[in-house]
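Good morning, and thank you for making the time.

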Amino acid sequence: MINITQLRYMLDETAIMLGRRKAAGLIAVVIMGLSLLILVVFLMVTLNIAEQIGRMSEEMRLFVYLKDGTDQALAGNIQYRLLSLPGVEEVSFISRDEALAELEQMLEGQEDLLGELPENPLPDAFKVKPKPESIGAAFFERTAAEVGKWDGVEDVRYGQKWFERGERLVKGFFVVDLALGLIIFLSVIFVIYNTVRLTVMQRRRAIDVMKLVGAGNTFIQLPFILEGALHGIAASLLAIALLTAIYIFSSRYLPGLTFMRYDALAGFVVFCALLGAVGSYSAMQRLLRS
Amino acid sequence: MSEQRIIAGVYHLSKRLGRHFSLEDISIQIANGEFVFLVGPSGAGKSTLLRMIYMDDRPDAGQVVVGPHVSTRMKRRSIPDLRRRIGIVFQDFRLLPDRTVFENIALAMKVTGTPMGEIKQRVTEILTHVGLYHKRHDYPHALSGGEQQRVAIARAVANRPSILLADEPTGNLDAMATKNTLELLFKINAGGTAVLMATHDIELVQGFGQRVIFLEHGRIARDRGMVYVGDVRDRIGESQISRRAQQLRGHDIPDGDQ
């Protein structure tokens with residue numbers, strides 16, 4: 001069917017197509033690259049927001065305040081019991097003096113406010129750090145309810161409000177984000193598919209000529225499919241280059257910004273190559289049938 | 001004289017095209033080495049008939065036979081093989097604008113997987129034959145209409161087809177280019193390739209003594225079925241081809257061209 005010589009000619013054809021139609025190819029790549037940029041910027045923003053939310057919840061702690069005058073033995077007992085609760089990773093003791101020092105630090109410049117106080121009003125406390133996998137409203141509610149009943153415990157506090165409002169907000173955000181992402185994704189696919197199709201259509205006459213001189217379908221198609229794939233790769237690399245520029249620029253204002261993972265970017269390039277190839281192939285099918 | 005063998009045949013072909021036009025009961029046989037003019041006014045169905053011979057379209061009834069290919073039991077995948085046995089030339093040349101003269105001709109051989117050495121040799125040979133070897137690196141837009149048509153003809157015969165179909169090959173050409181093109185077709189025919197040339201120009205075909213098929217309103221009005229194999233130029237001389245083209249186009253043709 002296809003011999004090595006023909007295969008070599010098909011590669012030649014691809015090179016000729018790419019080399020002699022640089023302007024048209026460049027325009028196609030830029031159009032595809034810019035629409036892909038929208039997609040990757042969206043993905044990077046989503047990634048960063050998700051990470052930020054994750055970091056915020058990771059910093060959530062449960063504070064167990066002890067009754068005034070609780071002795072060391074009881075405090076030790078409470079610490080031990082806290083540690084053995086499910087989902088607890090770490091329990092640290094914060095003495096009332098440490099708490100006051102921390103407060104003073106927070107009120108830097110207005111320390112005189114504390115000078116008015118007759119004595120340190122702050123209680124001793126335990127700071128409970130949950131295991132990362134058990135972070136969530138359920139853990140805090142359950143633990144607070146249980147620990148609140150213990151002897152020597154005055155009060156248990158955590159970011160109740162954050163969990164009441166924040167969690168719903170986060171869920172809402174992800175639903176909207178997903179919907180938006182889907183729309184962007186479909187639009188980008190549509191743009192790329194159409195750009196590739198137009199590139200093929202522009203060479204309708206060339207395809208007719210190929211058919212007239214007796215070229216088989218594979219001979220006609222392969223160069224176009226390769227061209228589609230190469231355009232897809234070029235467009236994805238353009239999008240990644242622009243994304244990197246955007247990342248570097250915005251990192252100046254938003255330090256700690258996360259870049260896309262390299263394996264995800266590699267997958268993205270492969271995906272774009274496939275998209276270009278499939279777009280080209282399906283556009284060819286119509287032309288070859290006529 | 002070589003032995004007569006039918007290399008392309010159309011048998012009781014009918015084809016409906018739109019409401020008002022159809023080809024009806026067309027039968028034509030073309031022997032190897034024959035030169036046939038297919039003449040008729042515009043819209044008589046010449047192009048449609050040719051398209052059915054190179055199987056760009058299928059007849060509603062009847063059949064077309066080219067070499068081993070029979071239209072009624074032909075599979076889509078054997079079309080490339082059929083096209084390689086037929087050379088096709090059009091009024092509008094249909095060269096690829098982004099390929100040089102050499103590459104345009106080489107393409108016809110590349111699709112068959114011919115080794116590059118052989119392609120180079122053959123393309124050089126044909127280009128010399130059509131007098132355009134010195135323009136092998138030019139792009140089509142840099143050539144005159146006549147030169148483009150010679151490139152198209154060169155491409156059509158690259159794979160040594162047994163028959164060359166030419167659809168109004170002189171339609172876009174001036175008198176001199178018309179003469180050169182006709183001469184080239186005669187020359188190719190003299191080499192043993194059958195030629196079927198469609199034209200609306202009845203006067204152009206007179207005086208050569210070739211077989212002329214008249215197509216009118218989708219039917220064969222007349223088939224002067226004489227078969228002559230050999231170089232037309234031996235019989236009528238170059239001056240007559242030149243005179244005919246000149247009469248038809250009303251232009252002077254300088255001597256010593258080509």
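Leaving aside neighbours within four places in sequence, which residues is B:Ile105 in contact with? They are B:Val123, B:Ile126, B:Val151, B:Ala154, B:Arg155 and B:Ala158. Contact here requires that the C-beta atoms of two residues, placed from the backbone, lie within 7 Å.

A word on conventions. This is a predicted model, in which local features need pLDDT of at least 70 and side-chain atom pairs count only at pLDDT 80 or more, while totals for chains, interfaces and linings use all residues. Residues are numbered from 1 along each chain as its sequence is written, and chains are lettered from A and ligands numbered from 1 in the order in which they are written.

B:Ile105 belongs to the largest nonpolar core, which has 107 residues; together with B:Ile53 and B:Leu165, B:Ile105 touches the most other members. Such a core is a set of buried Ala, Val, Leu, Ile, Met, Phe, Trp, Tyr and Cys residues joined through C-beta atoms within 7 Å. Buried means that 20 or more other C-beta atoms lie within 10 Å of the residue's own; exposed means 12 or fewer, and partly exposed is in between, with C-beta atoms placed from the backbone. Helix α9 of chain A, residues 217-251, contributes the largest share of this core, twelve residues. Helices (H or I, at least four residues) and strands (E, at least two) are DSSP runs, numbered from the N terminus. Another core, of twelve residues, lies apart from the largest one and includes A:Val64, A:Phe139, A:Val156 and A:Tyr158.

Let me turn to chain A as a whole. Chain A contains ten helices and four strands, and 25% of its 290 residues count as buried. What is the radius of gyration of chain A? The value is 31 Å, whereas a compact globule of 290 residues would have one near 19 Å; the radius is taken over C-alpha atoms, and the globule rule is 2.2 Å times the number of residues to the power 0.38. Along the principal axes, the C-alpha atoms of chain A fill a box of roughly 100 × 40 × 30 Å.

The four strands form an open sheet in the order β2-β3-β1-β4 (chain A), with antiparallel pairing; strands pair if DSSP finds at least two bridges between them. In chain A, β2 (88-94) and β4 (153-157) each have a single partner strand, so one side of each is left without a neighbour in the sheet. Four bridges join β1(A), residues 62-66, to β4(A), and A:Phe63 has A:Arg157 as its bridge partner there. Helix α6 of chain A, residues 137-148, packs on this sheet, touching β1, β3 (125-130) and β4 of chain A.

In chain B, β1 (6-17) and β2 (21-31) pair in the antiparallel sense over eight bridges. They form a hairpin with three residues between them, and B:Gly18 in the turn has a positive phi of about 75°. β1(B) is also joined antiparallel to β4(B), residues 61-66, by five bridges, with B:Gly9 opposite B:Val65.

Finally, the interface. Here 14 residues of chain A are in contact with 15 residues of chain B. On the side of chain A that touches chain B, α1(A) gives the most, with four residues.

Key:
Axes are lines fitted to C-alpha atoms, for helices over the stretch in contact, and angles run from 0 to 180 degrees between N-to-C directions.
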